[in-house]
Amino acid sequence: MRYQATDSVALGNQLQQDEVEFASNRRRALRRLFRNRMSVLGLVIIFIYLFAAAFPGLLSPYDPIKQELENRLQPPSAKNLMGTDEFGRDVFARVLYGARLSIMVGLLAVASGGSIGFVIGMLAGYFGGTVDSVFMRAMDILLSLPGLILAIAIIAALGTGLTNVLIAIGIYNIPQFARMTRSTVLAVKDEDYVLAARTSGNNSWGVLVHHIFPNVWSAPLILATLRFSTAILIGAGLSFLGLGVNPPTPEWGAMLAASRGYLRVAPHLAFAYGLVLSVLVLGFNALGEGLRDVFDPRAVR
Amino acid sequence: MSSRILEVNDLVTRFHTQDGTVHAVNGVSFYLNEGDTLGIVGESGCGKSVTVLSILRLIPEPPAEVARGEALFDGQDLLRFSERELRKVRGGKIGLIFQDPMTSLNPVHTIGSQVSEVMREHLDISREQANRRVLELLDTVGIPDAAQRARDFPHQFSGGMRQRVMIAIALACNPRLLIADEPTTALDVTIQAQIIEQVKSLREQFGMTVIWITHDLGIVAGLANRVIVMYAGFVVEHAAVADLYADPRHPYTIGLLQSLPNLGEDEDERLVSIDGRPPDMLQEPSLCQFLPRCRYAIERCREELPILREVGDGHQVACWSDVRFEPQGQDL
Amino acid sequence: MLRIIVNRLLLAIPVLVGVTLLVFLILHSVPGDPVATFYGMDLAPGDDLEAMRNELGLDRPLSAQYLDFLWQAVQGDLGNSIKTRRPVLQDLSQGVVNTAQLAMASIFIAIVVGMSLGILAAYKAYSIWDNISLSVSLFGISLPVFWIGLLLIWLMSVKLALLPSGGKGDWRNLILPALTLSLASIAVISRVTRASLLEILNEDYIRTARSKGLSGLVIMLRHTLPNGIFPVITVVGLQFGYLLAGTVLVETVFSWPGLGRYLVDAIKFRDYPVVQGGVLIVAVVFVVINLLVDILYYALNPRLRTAERG
């Protein structure tokens, strides 16, 4: 590799520039991803949770709903790994089925909201003009409420329950993705190959699908990793407030809320539910952090 | 002979990067007498800036590492100084000017406060005294309407004016040595000439010793009394200015001189550029770095690294081949 | 400067209108009869619904209803609570004060601690301290605020019996909720501060400052921080929004009688005028905070500040 630098500062900049160039090489980026300790940590955590969510029955013989009132609020033991709750249900089993629910909420809410936002961003960025103004002003308005408050307002209108939680978090995710996609589309739109495609008579949709899409999908994907953790947190938060999934469904946030009353006599409940929720969120944050390091070493949050 | 003010011996600086170790400065030695103006010449990336910045530890460590050598300033080795001792030297006994005046001043502080700051750090003076001296200094370096301008921010100044401010900062504590790191490279030609004239007159006025780093041999000719030519982290030639122009002994120096436009001479005369690319600095050098581009290489050049040897009074060159400069325009 | 403030104010107006419209539309899309929804009438079979709608203006087009709502809101009339039958604003006012107290204390802690940690991490970049601060902040943004709250109650109230576990009393009641609420913001602010300062430390003028022989601390505080503060200001503004949202959760954990708790209770009671009023207050505060942050951003930047007289 040829090296030229005017002085030490330029040298540093040059090295960073090289990093960016390398990062554009996808294979190399993938290798860096697996060398990055953060992202490996995140991937391992997520994999464990996915396994637990997929096969809860394999890991615990207990029914997460079935009550055993004579066996209430037992501390962790060999029989009940994480103890039992206020109705004598096995905490570990409820944790496992809760993982399934939380991951589903995160996945569906981010996927639906993200896709809608992605399409809006593509259209706004590519067509510009009125389309852009109308869409983006609408996004501004959605963003002018803090996320949880927006979700609460939507729940207030729709009522509680899993579907409405999904809708609320999905809507919350739309503007984030729309904004990011729009800015990447704007950056790509005037590249030579897009201009060439546009002037050589391809229609707008063709250009969007064949020339813009392949170049803008990766940034929203990284955003999705980071949004995933927020979605899970908001979902759990809504349930914690009693505005989300209704009991007796094993939902971590709802279970945490219930554990509040037993903090003095059975703190293991609060420890268990909070810990599993935190570690999953930590996993996605670590992966997102790692992805950002790998793909965009110069990004500042 | 006047006294040594700075003597650098066998300085080695490396940068440890993800792609490997960059050998930026490879055993550089030179000296400077009181009242000298030393030009350091070389293309970008040859290590000339890193050399002087290493002496004052102004390079980021890590990734940089000053691995070896000594830098005797008034007989004391700066490389063994603590950070606290070095701070007394920086801005106090040694003033610095940098390449890009547009980015070298802090955008959120006024010009006046940036000049007075260095005096408040090194000199035992009151705020009022410092402010008075700021106005004198700005006046001295040729900034009109100093009282008004001291309250302005850098973005309200042109590039040339900002470089004058930098000079004022460098001179504020009456340094014994002024290091100018390509101070005119980023400026227009006319402004460039003004700044050079300004430094010349200030040099007389303050009786300063100067190191002037540049890639422009033309500037050195009019300013310096001695020159070192650097290539790929090595000093390849060291001579008095007149000797270097009259009798260059290193193939690289010869190449540089041939690529210099001769104003006032035949307009048709072509510039000679040096073939080949600068070397890969990720390799630990074991042979002359100029070898791949050299037209005069002999067998010994492929066997061992040339050392700096005396070829005349105060004229040193690092080359095995005994090259003499062919007068320009004959075999071109 | 004044022109910029006026400009920003004008830009905030459409956003405010948009937010009120959003809140209005969300809550008027509630299934069921708006007479019952918003006025809490116990409808008897024989009631003349038409007449009541007409009396309340609910038979008019939605746009006209929105304008009425907006006009009344501007005058401070957010309707009456279904539950207490008192004006919403009167019911919420104490909650607003309590929430403001909590939010202010939290953002203060977040700014002071977050920026200090960020400055320390940048000052000792790539050292063990830096790594510790990175790990701590990763936890800070990952741990759910309501769990941190429960853990703190367990530790400080149940185990150590040092601080009250909730409710509103003297300053000691404020410590745990404010601390809980500030943790995530501390993490974010410290990370942004660090990243921004590290970027500034690469600037040429920092090398100039070093060439003047200034100490590391002076370079950090006088030369680096004032230039690196701008992303921090932006993020503090954003954090204030997250923090406002977080008050809802923290107030529930610590039984803090703030706006958030009223809001959640109102939703459970289907007291829609209160929900509408509460969300609206949060939205307006959020917009105003962002506006203030914008203005502060300009006020601190000499390049923008002097642009007009230059």
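## Exercises on a predicted three-chain model

T37(B), G39(B) and V41(B) point one way from β3(B), L38(B) and I40(B) point the other way, and all are buried. The model is predicted, so local features need pLDDT of at least 70, side-chain atom pairs count only at pLDDT 80 or more, and totals for chains, interfaces and linings use all residues. Residues are numbered from 1 along each chain as its sequence is written, while chains are lettered from A and ligands numbered from 1 in the order in which they are written.

**Exercise 1.** How many residues of strand β3 of chain B are buried?

*Solution.* Start with the terms: helices (H or I, at least four residues) and strands (E, at least two) are DSSP runs numbered from the N terminus. A residue is buried if 20 or more other C-beta atoms, placed from the backbone, lie within 10 Å of its own, exposed if 12 or fewer, and partly exposed in between. Now look at residues 37-41 of chain B: five of the five residues of β3 are buried, and the strand is mostly covered. As background, side chains in a regular strand alternate between the two faces of the sheet.

**Exercise 2.** Which strands does β3(B) join, and how many bridges are there?

*Solution.* Two strands pair if DSSP finds at least two bridges between them. First, β3(B) runs parallel to β8 (residues 209-214) of chain B, with five bridges joining them. Here I40(B) stands opposite I213(B), and V41(B) faces T214(B). Next, four bridges join β3(B) to β9 (residues 226-231) of chain B, again parallel. In this pair L38(B) stands opposite R226(B).

**Exercise 3.** Which strands stand at the edges of the sheet in chain B?

*Solution.* Write out the order: the open sheet has eight strands, β6-β7-β8-β3-β9-β10-β12-β11, with mixed pairing. At the edges are β6 (94-97) and β11 (309-312) of chain B; each has a single partner strand, so one side of each is left without a neighbour in the sheet. From one strand to the next, the twist averages 20°.

**Exercise 4.** At what angle do α5 and α6 of chain C cross?

*Solution.* Axes are lines fitted to C-alpha atoms, for helices over the stretch in contact, and angles run from 0 to 180 degrees between N-to-C directions. The axes of α5 (residues 88-123) and α6 (residues 128-142) of chain C come within 8 Å and cross at roughly 140°. That makes α5(C) oblique to α6(C), since angles under 35 degrees count as roughly parallel, over 145 as roughly antiparallel, 65 to 115 as roughly perpendicular and the rest as oblique. Finally, name the residues that meet: L117(C), L120(C) and A121(C) in α5(C), and W129(C), D130(C) and S133(C) in α6(C).

**Exercise 5.** How many residues does each chain give to the contact of chain A with chain C, and which helix of chain A gives the largest share?

*Solution.* Two residues are in contact if their C-beta atoms, placed from the backbone, lie within 7 Å. Chain A supplies 40 residues and chain C 47 residues. On the side of chain A, α1 (8-23), α6 (129-143), α7 (147-158), α11 (218-240) and α13 (267-295) each supply at least two residues. The largest share, 10 residues, comes from α13(A).
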